[in-house]
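Thanks for passing this one along. Here are my notes, in numbered points, to read with the model open beside you.

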Amino acid sequence: MTDLVRYGAPVGSFIVAIVALYISVRLNRRQRQITRLEIARNLHGELISDSAIKDRHTLGTIHWQNRSISSKGGERGDVMCAYFAMLWRFERLHAGRKVLLEENGNAHDIALTILDNQIRTHVQEYVCTFHEIRAKLTESDKKDPVFDGAYVDSFGELCRSLAATSDEDSRKKLRFHTNNSETCLCACHKVNPRPPLPGQNTRAAVS
Ligand SMILES: [Zn+2]
Ligand SMILES: [Zn+2]
């Protein structure tokens with residue numbers, strides 16, 4: 001009995017320590033997963049915030065109506081602001097998604113899978129939106145070029161990274177407008193081009 005007490009106590013302590021370590025690892029894993037899910041949620045939130053909704057409305061109406069941008073009044077400036085604001089949102093999203101990927105050894109966990117499923121349609125939509133809005137901005141004032149190179153490159157990287165884990169249909173949509181030899185399936189190309197609305201202020205129209 002004495003020996004049992006003598007040897008049993010350290011063995012009991014060892015088991016308690018192992019159980020404590022196991023619980024700690026499980027809690028850390030759980031906490032890590034909660035943190036990653038929270039980051040993914042915030043990254044998706046970039047695309048659906050109140051300010052993003054306004055910018056998307058500004059760009060979306062012109063894109064889907066296939067309407068030219070007025071060079072008069074405040075419209076061109078508003079569209080330019082919304083265009084860059086959306087590029088920067090996707091840049092932040094790309095940077096955050098990259099950190100989530102690298103932190104997990106470039107493997108998809110539940111947080112990345114949920115994030116990719118949430119953002120895929122938005123990114124696909126903006127492959128055409130950015131292309132068309134940029135063309136319309138350039139057309140509306142050829143003396144005022146759109147300097148968006150690095151941000152467009154970042155969006156292209158996001159498209160390619162997302163395409164790597166997407167199905168064939170999504171992969172095609174994420175590749176469109178990368179060069180002029182491909183045909184975009186976006187419905188905007190079936191809409192007859194419309195002239196600009198003179199002096200229209202799009203931002204004021206939605207606020
Ligand atoms: Zn298109
Ligand atoms: Zn389109």
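This is a predicted model: local features need pLDDT of at least 70, side-chain atom pairs count only at pLDDT 80 or more; totals for chains, interfaces and linings use all residues.

**Notes on the model**

1. Helix α3 covers residues 75–103, which makes 29 residues. From first C-alpha to last it reaches 42 Å, close to the 42 Å expected at 1.5 Å a residue.

2. What phi does Asn-106 take? Its phi is near 60°, a positive value in a residue other than glycine. Most residues other than glycine have a negative phi. Asn-106 sits in the loop between α3 and α4, and it counts as exposed because its relative accessibility of 57% is over the 50% cut-off.

3. Asn-66 also has a positive phi, near 50°, and is likewise a residue other than glycine. You will find Asn-66 in the loop between α2 (50–65) and α3. Is Asn-66 buried or exposed? With a relative accessible area of 12%, Asn-66 is buried, since the cut-off for that word is under 20%.

4. Now to the metal. Which residues hold the zinc ion (ligand 2)? The donors are His-63 through NE2, and Cys-128, Cys-186 and Cys-188 through their SG atoms, at 2.1 to 2.3 Å. Along the chain these donors follow the spacing H-x64-C-x57-C-x1-C.

5. The site of the zinc ion (ligand 2) is tetrahedral, with angles of 101 to 115° among its four donor atoms. For four tetrahedral donors, the ideal angle is 109.5 degrees.

6. The zinc ion (ligand 1) lies 3.8 Å from the zinc ion (ligand 2), and Cys-128 coordinates both. Distant parts of the chain are linked by the pair Cys-128 and Cys-188, which are 60 residues apart. Cys-128 belongs to helix α4 (residues 110–140), whereas Cys-188 is in the loop between α6 (168–175) and α7 (202–206).

7. How accessible are these cysteines? Cys-128 is buried at a relative accessible area of 2%, and Cys-188 is buried too, at 1%. Cys-81, by contrast, is partly exposed, with a relative accessible area of 48%.

8. Last, how many disulfides are there? The count comes to zero, where a disulfide would need a pair of cysteine sulfur atoms within 2.5 Å.

How values were computed:
Residues are numbered from 1 along each chain as its sequence is written. Chains are lettered from A and ligands numbered from 1 in the order in which they are written. Side-chain values use heavy atoms; hydrogens and water are left out. Donors are N, O and S atoms within 2.8 Å of the metal (3.2 Å for Na, K and Ca); water is not among the atoms, so sites may look incomplete. Four donors count as tetrahedral if all angles lie between 85 and 135 degrees; four count as square planar and six as octahedral if opposite donors are over 155 degrees apart and all others between 65 and 115; anything else is irregular. Helices (H or I, at least four residues) and strands (E, at least two) are DSSP runs, numbered from the N terminus. Buried means under 20% relative accessible area, exposed over 50%, partly exposed in between (1.4 Å probe, protein chains only). The expected span of a helix is 1.5 Å times one less than its number of residues.
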